[in-house]
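I opened this entry to keep a record of what I looked up in the structure, element by element.

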Amino acid sequence: MPAAAAPVGAPLPPTGLTVEEAARRLVAEGPNELPPPRAVPAWRRLLGELFNFFAGMLWVASGLAVAAGLVALAIAIVAVIVCNGLFAFAQEHRAERAAASLRRLLPQRCTVVRDGRHVDVDATGLVVGDVVLLEPGDRVSADLRVDEAHGVLVDTSLLTGESAAAGADVGDPLLAGTFLVEGAATGTVTATGARTRLAAIARLTTEAKRPRTPLHREIQRVVRTLAAIALTVGGVFFVFALLLGEPAGDGFLFAIGVTVALVPESLLPTMTLSLAVGAQRMAERQALVRRLESVETLGSTTFICSDKTGTLTRNQMQVVTVWTPVGEVGVEGEGYGPRARVVADGLDARAAAELVAQVAQGCSTGHAVQRDGEWTTQGDPMEVAIDVLARRLGVDGDVVGRPAPERQFPFDPRRRRMSVVRDGWLLVKGAPDGVLPRSAPVEGASSALDELSARGLRVLAVARRADTGATTADDAERDLELVGLLAFEDPPRVGAAHALVACRRAGIAVAMVTGDHPETARAIADEVGLRRSHDPVLTGAELPDDDQLLGALIDHDGIVLSRVSPEDKLRIARALRRRGHVVAMTGDGVNDGPALQEADIGVAMGRSGTDVARDAADLVLLDDDFATIVAAVEQGRATFANMRRFLTYHLTDNVAELTPFLVWALSGGRFPLALGVLQVLALDIGTDTLPAVALGGERPAPGVLDRPPTSGRLINRTVATRVFGVLGPTEAIMEMMAFLAVFLAAGWRPGDAFPEGDVLLGASGAAFAAVVAGQLANAFACRSASRWPGALGWASNRLLLWAVGFEVLVAAAFLGLPPVAGVLGQQAPPVAGWVVVALAAPALLLTDAAAKAAVRRRARRRRHGPLHGAAPGPTSLGIGV
């Protein structure tokens, strides 16, 4: 019979498991791999794009068009739905690969002890009870309990966010997904696959539901409003038709035609293309958008939760100060190369600093190496920094290829120091509280330690003594000679401070959320200007369990949250969102994945980030630069403003399109329709789409970051006033004037019956051309809600020039090609009609200029108040447009 399974935690024989027992456990426990996430099939995601709320409204419109006998119209609407759905699917397609990325963190092979022999096995074949051997650089493939440790340092940053490697001793756990930086270890597997801590984080990532973006909610509101208006107007016209004695069937078909005409068929593709343009511009500025709606969400962001390591800092530990008993030495350098600026308190201090670097390097293994002209690192980041310091000070030493130490006493978290014996000397480095008490007192050491710590630097003490031959660390590490203190910093990113200032100027609160030590987090936050003197520094243990209390506590610009767990980050994002914030969460590690998905917009690092963070994020910073977020926010705000621009453009056209039907109804059917249903569709899809797309590509306006985040309604008071009070009525009046001008030129007078035939067709063509001309001017007028188009530069939006030119050609085809004009129910107007058409564009521009001038006068009165020279106040001029 196979041997009984040993309980987890019980000591195992040095021979490890037998091959037969390992095979039995593998069958019972399953392979050591994370369970795959429940992925949504591609066809379901595509259907979601084809049958969302807006697309559903268009499907209904196409069905009504078929019912009304307008088959060509129905086909055109379906083509719009399908093309837009495919485009959006192609832009937003991304598989939920966060859990798959986590699985890739597990190594392919590992070394275990079975039947008393060291064998390499596939990591998926590990089982509970296996004895695993680990060396520097090995990734931990399952949760382990350490049975034997020799100078072990473990990089846990991908799981915990802690930048510094941590020691591990016998009995300590090693978690899957971490890796050994230094030393050697033997451990017993305690959990595999779905039962590891890594799997728990994977579940958090896949279980975090993606919140609806503010744009998604606002689009739904706009669509519902427009759909309600279209259905209401259609119902009203059906009743009018019945009251005028029309047969019920004809009245129903007429009402369907009006309803379909009022549905903004081109609005959905225009929005999608505008977001795509914004995404492309963000990519040009090193910000890769993974979800189109995230383009606008960035502009609405009110709170950024930023990670520290690798986000605000470079994740490049460097020694910046060497304190010695005879003086201090400052070191300033970039990267890991040997070139640096060294400032010493004299030659004696320089020589003493070289000794400190030599001793510290002697008991380190981490180092920097140059490959193909680029400096890379290997080992613990602090030891790499020591190796770089030695090179910069000209110390003749190389950790690669040197003889092994004669004896070594590995780092112990209780001793908080480590030491080795080389060439008759015991070389020691460790935490100051682990080294100084065992060293002879040195004047100024304590005050120097306090000063360096107050600056938020990580301090390491370096000491030595002649070797006594002692075989235990406690006996060997006595009566030490303190040679100096090393002060390390992880330098902040260039531009981080400026980006934080820009965020606050834009009305965006910023908090640091990190797994690092509170003092380290405080120092970096202070240095980059994130934290001010009154801003709190809290740890994860101090956060309340109640989400409402948590939200109230952390809703504070400049707050620093340290020692937070992945679950804490998830709760932080959720609590802030419940307080009404639009939350952006930055991060680069495995631990950031769940919170990135919970936030309104997750921002991951492209260079230093993990696959998990990138796949969970909506935005990836290709240059890992926090300042890129500011550029992305600027483009996001511009995109939201552009949406208001083309909404103003579309809705102005709808006012002009609806006016003929209103006049017909109010006249009791005696006044002929200036535009028919097919003409309205030709305006919406044929002539208006490209100018609207061009408006969606406007560049950010100056000062877009000097006001609060864009939020609220797409159709706000400014948009509604311009559409229904200025632009729409002007366009409608010119349309009806052109229509009447043709009748008047043909001899019609008020009270006479309206002529039909060619005169009616020409009048309808004049009304159609007047709307096109008005929309040509409207495209330029909609570029700003407060400035005359000429002040912006008529040619500054080249795409708009091309779009307007195309609109003219299409309109000419609709009017000049007899087969097309015949289908639409119109023909080219006579001279009288063209005269009014020629006045439509100037009339709209002049009316728009007068309205903008009035707005500016009111804004100046608000700024200055009743007394001349009063302090200026905020103005809404042009906000969002």
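My notes below go from the sheet to the helices and then to the cores.

**Ground rules.** I am working from a predicted model, in which local features need pLDDT of at least 70, side-chain atom pairs count only at pLDDT 80 or more, and totals for chains, interfaces and linings use all residues. I number residues from 1 along each chain as its sequence is written, and the side-chain values use heavy atoms, with hydrogens and water left out.

**The open sheet.** I looked up the strand order and found an open sheet of eight strands, β8-β25-β24-β23-β9-β20-β22-β21, with mixed pairing. Strands here are DSSP E runs of at least two residues and helices are H or I runs of at least four, both numbered from the N terminus, and two strands pair if DSSP finds at least two bridges between them. At the edges I noted β8 (287-289) and β21 (537-539), each of which pairs on one side only. The twist averages 20 degrees from one strand to the next; axes are lines fitted to C-alpha atoms, for helices over the stretch in contact, and angles run from 0 to 180 degrees between N-to-C directions.

**Strand β9 and its neighbours.** I followed β9 and found that it pairs with β20 in the parallel sense over four bridges, I304 having V510 as its bridge partner in β20. β9 also pairs in the parallel sense with β23, over three bridges, and there I304 stands opposite A584. I then went on from strand β23 (residues 583-587) to strand β24 (residues 601-605), a parallel pair over four bridges, in which A584 has I601 as its bridge partner. As for side chains, F303 and C305 point one way from β9 and I304 and S306 the other way, and all are buried, where buried means under 20% relative accessible area, exposed over 50%, and partly exposed in between, with a 1.4 Å probe and protein chains only. Across β9, β20, β22 (560-562) and β23 lies helix α20 (residues 566-578), running at about 160 degrees to β23.

**S306.** I checked S306, in strand β9 (residues 303-306), and its relative accessible area is 0%. Leaving out residues up to four places away in sequence, S306 touches T311, L312, A511, M512, V513, T586 and F626, contact being heavy atoms within 4.5 Å.

**Strand β10.** What share of β10 is buried? I found that seven of the seven residues of strand β10 (residues 318-324) are buried. Five bridges join β10 to strand β19 (residues 481-489) in an antiparallel pair, with V322 opposite L486. Four bridges join β10 to strand β11 (residues 327-332), also running antiparallel, and a hairpin of two residues connects β10 to β11.

**Helix α17.** In α17 (residues 496-505) I listed A496, A499, L500, A502 and C503 as buried. Seen down the axis, these fall within an arc of 160 degrees, so they line one face of the helix; the arc is that of the directions from the helix axis to the C-beta atoms. H498 and V501, on the other side of α17, are exposed. The buried residues of α17 pack against β9, β20 (509-513), α18 (518-528) and α23.

**Helices α23 and α24.** I looked up how α23 meets helix α24 (residues 677-687): they pack at an angle of about 170 degrees, with their axes 11 Å apart. The two helices are therefore roughly antiparallel, a term for angles over 145 degrees. Y649, D653, N654, E657 and F661 in α23 meet V677, V680, L683, D684 and T687 in α24.

**V295.** I found V295 in helix α11 (residues 294-300), buried with a relative accessible area of 0%. The C-alpha atoms of V295 and G636 are separated by 5.0 Å, although the two are 341 residues apart along the chain.

**Cores.** Which residues touch the most other members of the largest nonpolar core? Of its 70 residues, they are M282, I304, M512, L530, L619 and F626; such a core is a set of buried Ala, Val, Leu, Ile, Met, Phe, Trp, Tyr and Cys residues joined through side-chain atoms within 4.5 Å. Helix α23 (residues 626-666) contributes the largest share of this core, twelve residues. Apart from it I noted another core, of 43 residues, including L658, A770, V810 and L824.

Key:
Parallel < 35°, antiparallel > 145°, perpendicular 65-115°, else oblique.
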